[in-house]
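Student: Can we go through this model together? I'd like the overall picture and then a few residues.

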Amino acid sequence: MSTPANGPTIIEAVVDRPAHGGESIALLDGRVILVRGAIPGERVRIALDDAEAKLWRGEAVEILDPSPHRIEPVCDAAEAGAGCCDLGFVDPAHAAVLKKDVLLDALRRIGRFDAGSLPEPAVTALGPATGWRTRVRLGVDGEGRAGLRKRKSRELVTGAGCAQNVAGLTTGLGEAGAVPAGGELHVVRDADGARHVLHVIGKGRKRRVTQVEGEPTAVERAAGREFAVPVDGFWQAHSAAADHYVSRIGELLPAVPGGRAWDLYGGVGVFAAALAELVGDDGKVSSVESFAMAAKVGRAALSDLPVEFRTSRVETAVGKLGHSVDLVVLDPPRTGAGAQTVRAIAAAHPKRVLHIGCDPATFARDALTWSDNGYRIESLEVVDAFPGTHHLETLAVLAPAR
């Protein structure tokens, strides 16, 4: 350990394993250090954020023994300090494997699952690994320049492109006067290649919206269907994600002709369409989403299918959907579904559940609740739908334990 007179404390350690949030864990004399910018197996020099802190955190400032999976970062925005491509230095195929390790660790520590009770997760790294993001939300400064925020900061990085973005997604938006000052910018490059830019400032009754470019809705397509999605609505960020999830629903869940299915946190109904294929014309799918505009979009796109749309919070709606259901797909936000919602779904005794989790910790908590309510994890898939970042998606099929 060294402590320069006018700099951070520097330590040397070998990185042991990945941690959630884009960091890795190193050990030094039994002490845990959370390290940014390092890959498990590397020996690195670490500049500590605060040598007096109980939990040491720091940045890898010198790679003494580099991993064979280390690559040259290509994100200009991250190089300028933006909190976007925090794993841009890791080969995408290896990053997906590290994310599998993060998920399994969360399931063991938080979900209390032992290794023998869990299926080996499949790992899918969605391509392309760069130029995949079709939707982004940016901050806007007082001079009308849009940009990504720095890591754990409100400060913006403007004029530097992110490697995640599809070509032309943010071109010109970082220049002074490009958009109204302050607030946020929603930017979409839709399925037809058209760009749509929506400026939003304020909240509630004080919310003001300005269409800077394009239309208020963007054309999106999945599994051969077209959806007119609001620019500030939800659609999968990765250009290949929606089709991948739809295909997996058809592969992982059984057909139940004439059955009942629930699509929870359903957005505009992309997954509801896949469920409708499984229950057939004599079945019924209920899609629940709190964003009111989603139901209007879904009804227009799925008018030929046996799908009903309900605008409600899922935890409120589940108890009113009926006492039995055959198939359930739920795609909750990063905060997870929560124990109340999982218990309510389990009480309807679905034959199969596909739970899509976008945070390993909250998914692990939900998985524990599923286990406590009589369901086992039948299969797991880690989907790297956010290449270059620490984020991951989990696809878990749950079935009655007995």
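Student: What should I know about the model and the numbering?

Tutor: This is a predicted model, where local features need pLDDT of at least 70, side-chain atom pairs count only at pLDDT 80 or more, and totals for chains, interfaces and linings use all residues. Residues are numbered from 1 along each chain as its sequence is written, and side-chain values use heavy atoms, with hydrogens and water left out.

Student: How many helices and strands does the protein have?

Tutor: There are eight helices and 21 strands, taken as DSSP runs numbered from the N terminus (helices H or I, at least four residues; strands E, at least two). The radius of gyration is 22 Å, close to the 21 Å from the globule rule for 402 residues, so the protein is as compact as a globular protein of that length. That radius is taken over C-alpha atoms, and the rule is 2.2 Å times the number of residues to the power 0.38.

Student: What percentage of the residues count as buried?

Tutor: Of the 402 residues, 51% are buried. Buried means under 20% relative accessible area, exposed over 50%, and partly exposed in between (1.4 Å probe, protein chains only).

Student: Where does UniProt place the binding site?

Tutor: The unreviewed UniProt entry puts the "binding site" feature at Gln236, Tyr265, Glu289 and Asp331. UniProt positions are given in the numbering used here, feature names are shortened, and annotations may be inferred rather than shown by experiment.

Student: Is tyrosine 265 buried or exposed?

Tutor: Tyrosine 265 is buried, at 17% relative accessible area. It sits in the loop between strand 15 (260–264) and helix 4 (270–279).

Student: Switching to the surface: which residues form the nonpolar patch?

Tutor: Leu27, Val32 and Leu55 do, with about 220 Å² of accessible area together. Valine 32 belongs to strand 3 (residues 31–36) and is partly exposed, at 32% relative accessible area. Accessible areas come from the Shrake-Rupley method with a 1.4 Å probe; for residues, only the protein chains shown count as cover.

Technical notes
Patch = residues over 30% accessible without salt bridge, like charges linked within 9 Å, V, L, I, M, F, W, Y side chains within 5 Å. Salt bridge = Lys/Arg side-chain N within 4 Å of Asp/Glu carboxyl O.
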